[in-house]
Amino acid sequence: MADLVIADDETEVRKKLEKELKHAGHSVRLAHDGLGALDTVMESAPDLLLVDWLMPVLTGGEVIERLRTDEKFAKKDIPIIGMTDLGDDKNIKVFIQRGADDTWMKDLSAKGIGELLGKIQLLLK
C-alpha cells in the first residue's frame, strides 16, 4: 500500500495508529516531535504525512508550513493530514491555512480509525 509517517508526541497515539495502519497494509514510520517529522520526511519522502497539532520543538502547523513554503524542503507535494484532539475549529482552520490537505479529529475508536483510513485513501488516489 502506502508509506506513511505519523508525527505525534503521544506514545499511545503513535502506537495505536501504527498498529491500525499497518493492519490496513501500510508501512509506517514514526516521529515524536515536529523536528523528527521534518527529518523523517527529508530522509525519504512518504506517500502521506499525519501530523499532530501540539508537539514539542515544532508544532504540526509549523511542520506543514515549512514543508509547503521553505525552499530547502523539496517535498511540497506530500499529502498531509493534520491531527488534533482539541475539538477547536481554530486549529482546523490553521492546519488548512498552512497547507494541510485534510484534518482529522483524533478518535482512536474503530469508527475514528475507519474515518482516518477513508481520508488516507482519498488523498492517495
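A: Angles under 35 degrees count as roughly parallel, and over 145 as roughly antiparallel. Those from 65 to 115 are roughly perpendicular, and the rest are oblique. Keep in mind that this is a predicted model.

Q: What describes two packed helices?

A: Two values do: the angle between their axes and the distance between the axes. Now take helix α2 (residues 34-43) and helix α3 (residues 60-69). They pack at an angle of about 30°, and their axes are 9 Å apart. α2 and α3 are therefore roughly parallel to each other. Their crossing is right-handed.

Q: Which residues make the contact of α2 and α3?

A: From α2 come G34, A37, L38 and V41. From α3 come V63, R66 and L67. By class, the contact has 5 nonpolar residues, 1 polar and 1 charged.

Q: How are α1 and α5 set to each other?

A: Use the angle again. Helix α1 (residues 11-23) packs with helix α5 (residues 110-123) at an angle of about 60°, with the axes 11 Å apart. α1 and α5 are therefore oblique to each other. The crossing of α1 and α5 is right-handed.

Q: What describes a pair of aromatic rings?

A: Give the distance of the centres and the angle of the planes. This structure holds 1 aromatic pair. W53 and F95 form it, with 5.1 Å centre to centre and 80° between the planes. The pair is edge-to-face.

Q: Which parts does the pair tie together?

A: W53 lies in the loop between β3 and α3, and F95 lies in helix α4 (residues 89-98). The pair therefore ties together parts that are 42 residues apart in sequence.

Q: Are W53 and F95 buried or exposed?

A: Under 20% relative accessible area means buried. W53 has 12% relative accessibility, so W53 counts as buried. F95 has 0%, so F95 counts as buried too.

Q: Where is V57 found, and is V57 buried or exposed?

A: V57 is in the loop between β3 (48-52) and α3. Over 50% means exposed. V57 is at 57% relative accessibility, so V57 counts as exposed.

Definitions and conventions:
Residues numbered from 1 in each chain as written. Predicted model: local features only at pLDDT ≥ 70, side-chain atom pairs only at ≥ 80, totals over all residues. Heavy atoms only, no water. Axes fitted to C-alpha atoms, helices over the stretch in contact; angles between N-to-C directions. Helix = DSSP H or I, 4+ residues; strand = E, 2+ residues; numbered from the N terminus. Left-handed = near helix turned anticlockwise from the far one by under 90°. Contact = heavy atoms within 4.5 Å. Nonpolar A, V, L, I, M, F, W, Y, C, P; charged D, E, K, R; others polar. Buried < 20%, exposed > 50% of the residue type's maximum accessible area, 1.4 Å probe, protein only. Phe/Tyr/Trp six-rings, centres within 6.5 Å; stacked < 30°, edge-to-face > 60°.
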